[in-house]
Amino acid sequence: MSFPTPTRPVRTRFAPSPTGSLHIGGLRTALFNWMFARHYGGKFLLRIEDTDQTRFDPNALQTLIEAMRWAGLTWDEGPEVGGEYGPYVQSERLALYQEWANWLVAQDKAYPAYETPDELKRMRDEQTARKLPPGYNRQHRTLSAEERARFESEGRKPVIRLKVPLEGKTHCEDEVQGKVSFDNVDLQDTVLLKADGFPTYHLAHVVDDYFMKISHVMRAVEWLPSLPIHWLLWEAFGWDKPIYMHLPVMLNPNGQGKMSKRKPPVDSKGNIIPVMMHDYMKNGFLPEAVVNFLANTGWSFGDDIEIFDIADAVKRFDGSRIIAASAAFPVDKLHWLNGEHVRRLAPDDLAGRLRAPLEAAGLHVDETVLRQVAPLVQTRIKTLNEVVGMAGFFFKAEFSPAPVEAIIQKKMDAAGTAAALRRSHEVLSGVDDFTTQVLHDAIQPLTTELGLNNSQLFGLLRVAVTGQTISTPTFETMEVIGKAETLQRIELAISLLDAAGVNG
RNA sequence: GCUCCAUUCGUCCAGAGGCCCAGGACGUAGCCCUCUCAAGGCUAAGACACGGGUUCGAAUCCCGUAUGGAGCACCA
């Protein structure tokens, strides 16, 4: 399916409401808009939809900006960067919405309604009790001038509602979903301007998209049911519509319901899957992996290629091949992709990214050691944070030995293990060039002498030296920690084994 | 309940009437490699929801059914 070539300058926007950190689904919406604008050499804007005073969160904007920047989604117009169509925060544009709401009333396309929220709730309760579809009964649509005056004199503040046609159909176009039609009878006289003078989303986004010259609106499919209202609004204003593209939702990994932070999804092992971007950021995911992953659900790169650079994706992201069906969140693939991107990093780059999780775990990170360790963990971690468990011991101020049972390998006992460590100690003491290959060649011959296999000998040395049963490779590790420390740890292990032998 | 949308392996994606007894990836299983854990290599199991059309021919077009999802606020 080919996508219609844009006939005007491409301008897309991401328009979140600042109510907390960014939802991962929100980032996907932002990413699609961003890629689309970049593909066509257009502009990508960030607009803040803060028209709900009851949900105001002063920190949310900063949090949101952090997540966007982390993911590399730079905007050409919006908060902190400005632009010629600002302000880009809706609460700073109230006069505009009021002006156009009043214009609609003057044109008889909208009308004031004076019910209180309580009255409306009662109306709905009654309707549901009588098994009728809930909705506004339009009783103020035809108010006379004196009825209005009476309500006003009671001190009631009206909302402004759209005057939806009572019959006929509204046919809408969507570049992802195709043609969608709605019977006007099923539509509501939706509120455009609230009693507090703030616009609802419906009014605000149409006005803003018009004045900000938005060419393509990509948003979550949650909005599809209100598309006819928006369509009618554009027509009431007599403005040219942008092209709408409704993106599928990301469902829980089990496919049941959309991802929500209030009901956190769990993976097959019962672990909670984060929904908010800040959790991904602090859990050791790479931005390039997250962005790759997000571009890969709801859209695909093509040519059976799954691992790609976002710049290459931009070249292909022309608006076609966006999936219309909602999809379960493929978490396992995210982990795999993160591992793939970790492996693609230059070792020093990886080292730099490993510092934060290590320090967050309370470790003191030496730069030289870090650079030596990075290549050793590169194929062994999927998320950055896993470095702590795998190689945290390199940075511990004090060595904590493993329990003796862990040092003793399969089919061995304490005495035999201690003997093997003594011989190894002897041999290692004579090695001056403490490097991986030399160490390996010095120790390897001991297997025949001691009647052990590589797994047993190298294994007991590993546990003695690292204090862990799962670790970076034995000889590489010895090289990094150095001769003195290696010998000292072996001595410690021997004494622990001896003590255990005496007591046991 | 009503409205709208969707429906290819467990999951994410290929597939725009013959190239498909359906391809890739994740995951799963087995083997190889191997000092642990990984990584890597090889192999395997695994899907066109169902029923009607249209057509010489349908995963692909149309209509129903079923299932899933989204929405039905002075929230976005």
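User: How far is a sugar or linking oxygen of RNA strand B from an N or O atom in the side chain of Arg-343?
Analyst: This is a predicted model, where local features need pLDDT of at least 70, side-chain atom pairs count only at pLDDT 80 or more, and totals for chains, interfaces and linings use all residues; side-chain values use heavy atoms, without hydrogens and water. Residues are numbered from 1 along each chain as its sequence is written, while chains are lettered from A and ligands numbered from 1 in written order. A polar contact is a pair of N or O atoms within 3.5 Å; within protein, one must be able to donate a hydrogen and the other to accept it, and residues adjacent in sequence count only if both atoms are side-chain atoms. For the side chain of Arg-343 and the sugar or linking oxygen of RNA strand B, the distance is 3.1 Å.

User: What share of the atoms of RNA strand B within 4 Å of the protein belong to sugar or phosphate?
Analyst: A residue is near a strand if one of its heavy atoms lies within 4 Å of it. Around RNA strand B there are 71 residues, with Glu-115, Gly-298, Thr-379, Arg-380 and Arg-462 coming nearest. On the RNA side, bases make up the rest, and the share for sugar or phosphate is 68%.

User: Which helix gives the most to the surface near RNA strand B?
Analyst: Helices (H or I, at least four residues) and strands (E, at least two) are DSSP runs, numbered from the N terminus. Several elements each supply at least two residues to this surface, among them helix H4 (117-129), strand E6 (178-183) and helix H20 (474-481). With five residues, the top contributor is H11.

User: How many charged residues does the surface near RNA strand B have?
Analyst: Ala, Val, Leu, Ile, Met, Phe, Trp, Tyr, Cys and Pro count as nonpolar, Asp, Glu, Lys and Arg as charged, and the others, Gly among them, as polar. The surface near RNA strand B has 29 nonpolar and 20 polar residues. Its charged residues number 22.

User: At what angle do H3 and H6 pack?
Analyst: Axes are lines fitted to C-alpha atoms, for helices over the stretch in contact, and angles run from 0 to 180 degrees between N-to-C directions. Here helix H3 (residues 94-106) and helix H6 (residues 201-211) have axes 10 Å apart. The pair is therefore roughly perpendicular (65 to 115 degrees; under 35 is roughly parallel, over 145 roughly antiparallel, the rest oblique). The packing angle is about 105°.

User: How many nonpolar residues does the contact of H3 with H6 have?
Analyst: Contact means heavy atoms within 4.5 Å. Leu-96, Tyr-97, Trp-100 and Ala-101 in H3 meet Leu-203, Ala-204, Val-207, Asp-208 and Phe-211 in H6. By class, that contact has no polar and one charged residues, and its nonpolar count is eight.

User: How many of the nine residues of helix H9 are buried?
Analyst: Buried means under 20% relative accessible area, exposed over 50%, and partly exposed in between (1.4 Å probe, protein chains only). The buried residues of H9 include Pro-287, Asn-292 and Phe-293. Helix H9 (residues 287-295) is largely enclosed by the rest of the structure, because its buried residues number eight.

User: Is Met-277 buried or exposed?
Analyst: Met-277 sits in helix H8 (residues 277-282). Its contacts, leaving out residues up to four places away in sequence, include Ser-21, Trp-70 and Val-290. With a relative accessible area of 0%, Met-277 is buried.

User: What is the relative accessibility of Lys-411?
Analyst: Lys-411 lies in the loop between helix H15 (404-407) and H16. Its phi is near 60°, a positive value in a residue other than glycine. Lys-411 counts as exposed, because its relative accessibility is 85%.

User: What is omega for the peptide bond from Gly-86 to Pro-87?
Analyst: Pro-87 lies in the loop between helix H2 (60-71) and H3. The bond from Gly-86 to Pro-87 is cis, with omega near -5°.
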